[in-house]
Amino acid sequence: MLCTRLTNARVLTMDPDHPVAHDLGIWRGRIVGLDEAVTSLPAREVVDLQGATVLPGFIDSHVHLAWAGLKADTPSIAPCERIEDVLAVIAEAASRQAGPGAWVDIAGYDQRALGRHLTAAEIDRVGQGRKIFLMHDSGHACVVNSAVLDLLPADVPHQDGFLAESAMTAVRRLRLPYSQEELADAIERAGRTCLAEGITACAEAGIGGGLLGHSPVELGAYQLLRDQGRLPLRVQLMAAGDTLRPRAAHRNDGIPRALDLGLRTGFGDDWLSLGALKIYTDGGMMARTAALTEPYEGMSHTGQFQDEPERIADLIVDGHLAGWQLAVHAIGDRAADLALDALERAQQLRPRPAARHRVEHAGLIRPDQLPRFARLGVSAVVQPNFLRYFGDDYADVMGERRAPWMYRGRGFLDHGVTLVGSSDRPVTDGSPLRAVQFMVERASTSGRAIGPDEAITVDEALHAYTVAGAYACHWDDSAGSLTPGKRADLVVLGDDPRAVETSRIGDIEVVATYVDGRTEPGKG
């Protein structure tokens with residue numbers, strides 16, 4: 001007997017051997033058959049979907065769940081466009097914290113809305129003696145007041161309280177780690193938002209260190225959720241690159257650095273597993289720290305690397321030698337050069353053609369870099385919603401010649417590069433459907449065309465959020481398509497994205513999300 005049979009549906013399986021079906025059978029969390037193979041079988045539950053569209057559950061291959069959940073519960077200045085309004089929010093938040101010296105977190109900081117950065121002196125006027133920390137929406141910078149600056153070593157660079165990249169990391173290290181219980185609540189909160197958008201699995205892009213680590217024992221928060229049956233969706237964890245330590249392994253292993261006990265990509269189960277090693281090379285376009293080969297338009301600088309290029313390259317090579325899949329953050333084209341050079345050297349030292357290394361973001365990729373992605377078998381994990389919401393600004397700072405190279409679609413596919421969809425939640429909107437819409441129409445919310453020649457088809461965009469996402473996470477044997485034997489992870493939509501006007505794709509209703517064949521995963 002089936003556990004569930006979905007019937008009277010338009011099932012877009014993403015499986016070329018059986019692309020469309022009307023019935024789908026589920027037994028113990030797996031798909032057991034389609035159409036005539038299950039239509040006559042008894043089932044404990046028969047769900048008539050009344051013509052709704054069913055797709056494999058979306059896979060978001062680059063998110064920050066803990067950060068997203070914490071941000072949702074933090075006072076935000078995001079609606080503010082005037083300095084005085086921002087300061088009023090800070091004053092209110094500071095007044096709610098007991099005692100001078102307490103830390104006050106503020107979310108939603110983006111200097112572009114204000115026309116300039118806040119200064120430490122301005123925050124001092126309303127900080128009431130508290131330590132004020134405003135996190136930049138990009139995750140690559142912050143602004144703090146003098147109470148925080150006074151605690152930093154003298155060699156940490158800042159500009160009137162604005163700190164970027166590794167300097168921001170120095171501020172974050174002043175903080176006590178978040179507790180596992182606090183992180184678990186935040187992760188669950190963000191995970192349920194993902195479910196509501198049709199996402200059934202995601203890759204958490206860096207825990208335990210790097211720019212966005214929240215605790216040296218951060219993995220324990222995910223295990224806590226798993227133990228308590230509260231993990232809402234499947235999660236693959238990327239360890240931050242700086243969590244690797246020199247290890248005296250056997251010389252025949254050829255492993256210079258590793259996590260304790262030699263843990264690496266692949267450890268875990270269907271719900272919680274260890275994925276790629278996350279390595280940062282540069283910053284971000286929003287903070288103007290992405291590393292470019294030519295200056296930003298109207299500016300005199302080309303962004304920055306997170307560390308000395310040789311040290312970053314050595315970490316990439318050591319991670320490869322230690323058996324990891326690598327997820328290399330590279331937004332600017334200069335950063336992509338560094339990443340591709342290091343990945344090529346790593347593969348020459350120890351060929352691992354099945355490693356499925358990834359470049360995260362691939363925000364600005366020159367035409368000459370596309371063949372290198374293909375030759376090295378490197379996936380491009382892009383965030384289409386960056387251009388949907390920030391495309392006007394990004395196009396301005398890249399200029400007319402370079403703007404078409406941003407967050408490519410067609411260029412990657414035409415060169416045979418695996419194109420993977422993701423969000424970088426909470427940096428911007430996490431909706432896969434709105435991202436699919438952008439990938440097809442390549443228009444920002446203002447209507448401005450951003451690299452229209454990089455547009456792809458609806459089928460190709462859906463592929464990026466299903467089949468390609470599973471491939472990038474080494475889940476292709478169990479997820480990404482609605483194929484018998486794979487997990488019963490799927491999303492029910494009110495309309496078919498392939499049949500509606502492109503402008504309507506982002507507004508399609510997510511009727512239900514099934515994980516393990518259930519619409520309430522983690523509840524029982």
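What follows is a tour of a predicted model, from a pair of helices to some charged pairs.

Start by selecting helix 12 (residues 384-402) and helix 14 (residues 432-441). Their axes are 8 Å apart and they pack at an angle of about 80 degrees, so helix 12 and helix 14 are roughly perpendicular to each other. Now show the side chains at the contact: Pro384, Asn385, Leu387, Arg388 and Tyr389 come from helix 12, while helix 14 brings Arg434, Ala435, Gln437, Phe438, Met439 and Glu441.

Next, the salt bridges. How many salt bridges does a search of the whole structure find? The count is 40, and here are some to visit.

Pick Arg30 and Asp270, whose closest N and O atoms are 3.0 Å apart. Arg30 sits in strand 5 and Asp270 in the loop between strand 16 and strand 17, so this pair ties together parts that are 240 residues apart in sequence. Arg30 is partly exposed at 28% relative accessibility, and Asp270 is partly exposed at 32%.

Jump to helix 7 (residues 180-196), where Arg192 and Glu188 lie four residues apart, about one turn of the helix. They form a salt bridge, with the closest N and O atoms 3.6 Å apart. Arg192 is partly exposed at 23%, whereas Glu188 is buried at 16%.

Then select Arg366 and Asp333, which meet in a salt bridge of 3.3 Å, N to O. Are they buried or exposed? Both are buried.

Last stop: Arg10, Asp459, Asp496 and Arg498, linked in a network of salt bridges.

Definitions and conventions: Residues are numbered from 1 along each chain as its sequence is written. This is a predicted model: local features need pLDDT of at least 70, side-chain atom pairs count only at pLDDT 80 or more; totals for chains, interfaces and linings use all residues. Side-chain values use heavy atoms; hydrogens and water are left out. Axes are lines fitted to C-alpha atoms, for helices over the stretch in contact, and angles run from 0 to 180 degrees between N-to-C directions. Helices (H or I, at least four residues) and strands (E, at least two) are DSSP runs, numbered from the N terminus. Angles under 35 degrees count as roughly parallel, over 145 as roughly antiparallel, 65 to 115 as roughly perpendicular and the rest as oblique. Contact means heavy atoms within 4.5 Å. A salt bridge is a side-chain nitrogen of Lys or Arg within 4 Å of a carboxyl oxygen of Asp or Glu. Buried means under 20% relative accessible area, exposed over 50%, partly exposed in between (1.4 Å probe, protein chains only).
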